[in-house]
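Please read them with the coordinates open.

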Amino acid sequence: MNPLFLEYTVVLLGIILLMVEAFLPDLDKKKIALAGIAGLFFVLFLTWMPLHSLSIESAPFYTTDPLALFFKRFMIVMTIITLWMSLDFIPVIQRGIPGERPGAGVGEFFILPIFACASLMWLVSAISFIMLFVSLECMTVVLYISISYLRKDPKTLEAGTKYLILSALTTGFLVYGITWIFGITGTTSIEHLADSIALLPPQSLTPLLFGVGLVLVAFCFKIAAFPFQFWLPDVYQGAPTPITAFLSIASKAAGFVLLLRFLEQLYLIPTLGKKVFAVTTLLAMMTLLFGNLAAMAQTNMKRLLAYSSIAHTGYVLMAVASIGAALALPAIGFYLVAYLAMTSLAFIVLLIVTETSGGNEIYCFQGLHERSPLLAAAMTVAMISLAGLPLSAGFFGKFFIFQVTFQQGHYGLLGVGTISVVAGIYYYLKVIKVMYWKQPSQGSAPITLSKLTTVLISLLIAVILILGIYPTPILMSLQ
Amino acid sequence: MTDTYGSLLVHVVVSLAFALSIWFASLLLGRIGTAFGVKNAAYECGMIPKMTIQPRFSVKFYLVAMLFILFDIEVIFMVPWAVCYRDFIVQYGDIILGSMLSFVTILMVGYIYAIKKGALEFAS
């Protein structure tokens, strides 16, 4: 099978669903979501089919190395989860869109993530700046629409505007950086960047560093590393919850893949490697400290998860700074998979609690174990895993990253990491305390879950617990 | 010195003289004919230059403008495509045509979607 067929199938799926939505306006919108999920499962199955080598035209732009394949599956799984949790989000969408018919705009909410998924799959395969830029923009355009989807809600509009302006600004940084790098090395290839840099005279390194800095700014915006994280809490809080989950996991993971491919090349040049290492270490330390310290004071669950997502960026950046170690890549891959499972679990519980309690403040979680034991258990597993306590996927995620950092001898980074883990335990366990030790507020009814949601929650809990005991399969697929 | 910048000086002098003469001419001639509000107003290609700052207009215009940009810009893309790849048609003809066809097909899907969603129905 031609590897490009994976993306083509996803785009085709999106187009077919869009046409179904256009021609059958009265169709039950749940069916569109279910068809999307089924189609994505089919594509996920296709990724295990043997792949042909690429044709000569696409080879300089597109790769199917293990990293790309791994993250293609990652993106598909994340899109499936997004669609799955959107099923519970239908009433909110209907309330949030000024439409003539009650179902207006719901179908597109399920179709947009599929298009984003296709562009993310291209993105993780991109080994040329051109391919990278086009697929990155393709993803961002879909996100602009999705984030500001609930037009009646001023907070959503605020989030959409903030994301649009800041994202457009960083796109400017990215293009400008790419221009500088192209101007100096004469290539847009990321794969052979180190070869081109090695041929340069030493005085060209300074302008090259300028270009590298600009590109790093753009990538750091995508992963929300410390000085470029200001957009994140507001956008997370305003965006529709399934899209927040998608943004926080898929978009961030894609940013890390880009960062990895780019930095890997720079680390091959010793003079550049040292400078870039210093920058990444600094970014990692500041991101860790900022994310964890700012998360402590949060009273809103969505903002708490936003700051926690900044903190987790910091942990992954620790491994990115140790990129020379043999296990750095599997450690990052495993961490992101664990992050996918635990963060989407937290967002699903948040979504349902918000629906039934009328808010996403932490006090809305009071006495959740009496209202729905499964939800409380799911949130507990998610929080324990996010905090990195043993027997959960999050523990091994942090363990591998700390191991890699230790092997490379970055003890300062290790120290900051340890402090952040301790700080993290405080605010994650605070949520568990609210759920089990506080009485539910008056008038709050027990929560009943639909069968599909129960299945998804149970699956994610199982994944977190299994990976917390047996992490080998994920590690092996990236080695 | 005079050779290089002399022509520039002549240019500046001539343009200034032209602008000033037009100004004086309109001052002199403008008093002869009848003057009324609209005639004295600045000419803006047929638009009324003085009106409320934010006039109300149908939101449909915004949709039309967006669709226009979407479906018009593709021509700007097609012309360089046709010119750039002329030399490669013999060798890679299928790929060149296929890429453009897939692009146009996706655009076509968008067009059908816009029609079905009633984006071009102005009466309602």
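Which residues are buried in H7(A)? Point 1 takes this up, with one caution to keep in mind throughout: this is a predicted model.

1. **Helix H7 of chain A.** The buried residues of H7(A) are A:Thr156, A:Ala159, A:Gly160, A:Tyr163, A:Ser167, A:Thr170, A:Leu174, A:Gly177, A:Ile178, A:Ile181, A:Ile184 and A:Thr185. They pack against H6, H8, H9 and H10 of chain A. After H7(A) comes A:Gly186, with a positive phi near 75 degrees.

2. **Spacing along a helix.** An α-helix has 3.6 residues a turn, so residues three or four places apart point the same way. Please check the list in point 1 with this in mind.

3. **Helix H9 of chain A.** H9(A) covers residues 205-223, 19 residues in total. From first C-alpha to last it reaches 26 Å, close to the 27 Å expected at 1.5 Å a residue. Its buried residues include A:Leu208, A:Val212, A:Leu214, A:Val215 and A:Leu216. Also among them are A:Ala218, A:Phe219, A:Cys220, A:Phe221, A:Lys222 and A:Ile223. Note the lysine, A:Lys222, in this buried set. The buried residues of H9(A) pack against helices H7 (154-185), H8 (193-198), H11 (241-267), H12 (270-296) and H13 (301-321) of chain A.

4. A:Ala224 counts as buried because 28 other C-beta atoms lie within 10 Å. Please inspect the backbone here.

5. A:Leu391 is another residue other than glycine with a positive phi, near 70 degrees. Its place is the loop between helix H16 (373-387) and helix H17 (393-407) of chain A.

6. **H2 against H5, chain A.** Helix H2 (residues 29-46) and helix H5 (residues 106-125) of chain A pack at an angle of about 10 degrees. Their axes are 8 Å apart. The angle is why H2(A) is roughly parallel to H5(A). The crossing is right-handed. H2(A) brings A:Lys29, A:Ile32, A:Ala33 and A:Gly36 to the contact, and H5(A) brings A:Val106, A:Gly107, A:Phe110 and A:Ile114. By class, these are 5 nonpolar, 2 polar and 1 charged.

7. **H14 against H19, chain A.** Helix H14 (residues 328-357) and helix H19 (residues 451-467) of chain A have axes 9 Å apart, at an angle of about 145 degrees. H14(A) passes H19(A) in a left-handed crossing. From H14(A), the contact uses A:Ala338, A:Ala341, A:Met342, A:Ser344, A:Leu345 and A:Ile348. From H19(A), it uses A:Leu456, A:Ile457, A:Leu460, A:Ile461, A:Val463, A:Ile464 and A:Leu467. The contact residues divide into 12 nonpolar, 1 polar and no charged.

8. **A:Leu143 in H6.** A:Leu143 belongs to helix H6 (residues 129-147) of chain A. It is buried, since 25 other C-beta atoms lie within 10 Å. Which residues does A:Leu143 touch, leaving out those up to four places away in sequence? They are A:Ala116, A:Tyr163, A:Leu247 and A:Ser251. A:Tyr163 is 20 residues away along the chain, and the two C-alpha atoms are separated by 8.8 Å. A:Tyr163 is also one of the buried residues of H7(A).

9. **A:Thr271 in H12.** A:Thr271 lies in helix H12 of chain A. It counts as exposed because it has 12 C-beta neighbours inside 10 Å. In sequence A:Thr271 and A:Leu205 are 66 residues apart, yet C-alpha to C-alpha they are 9.0 Å apart.

10. **Chain B on chain A.** How many residues of chain B are in contact with chain A? There are 6, and they meet 6 residues of chain A. On the chain B side, 4 are nonpolar, none polar and 2 charged.

Note on methods. Residues are numbered from 1 along each chain as its sequence is written. Chains are lettered from A and ligands numbered from 1 in the order in which they are written. This is a predicted model: local features need pLDDT of at least 70, side-chain atom pairs count only at pLDDT 80 or more; totals for chains, interfaces and linings use all residues. Two residues are in contact if their C-beta atoms, placed from the backbone, lie within 7 Å. Ala, Val, Leu, Ile, Met, Phe, Trp, Tyr, Cys and Pro count as nonpolar, Asp, Glu, Lys and Arg as charged, and the others, Gly among them, as polar. Axes are lines fitted to C-alpha atoms, for helices over the stretch in contact, and angles run from 0 to 180 degrees between N-to-C directions. Helices (H or I, at least four residues) and strands (E, at least two) are DSSP runs, numbered from the N terminus. Angles under 35 degrees count as roughly parallel, over 145 as roughly antiparallel, 65 to 115 as roughly perpendicular and the rest as oblique. A crossing is left-handed if the near helix is turned anticlockwise from the far one by less than a right angle, and right-handed if clockwise. The expected span of a helix is 1.5 Å times one less than its number of residues. A residue is buried if 20 or more other C-beta atoms lie within 10 Å of its own, exposed if 12 or fewer, and partly exposed in between; C-beta atoms are placed from the backbone.
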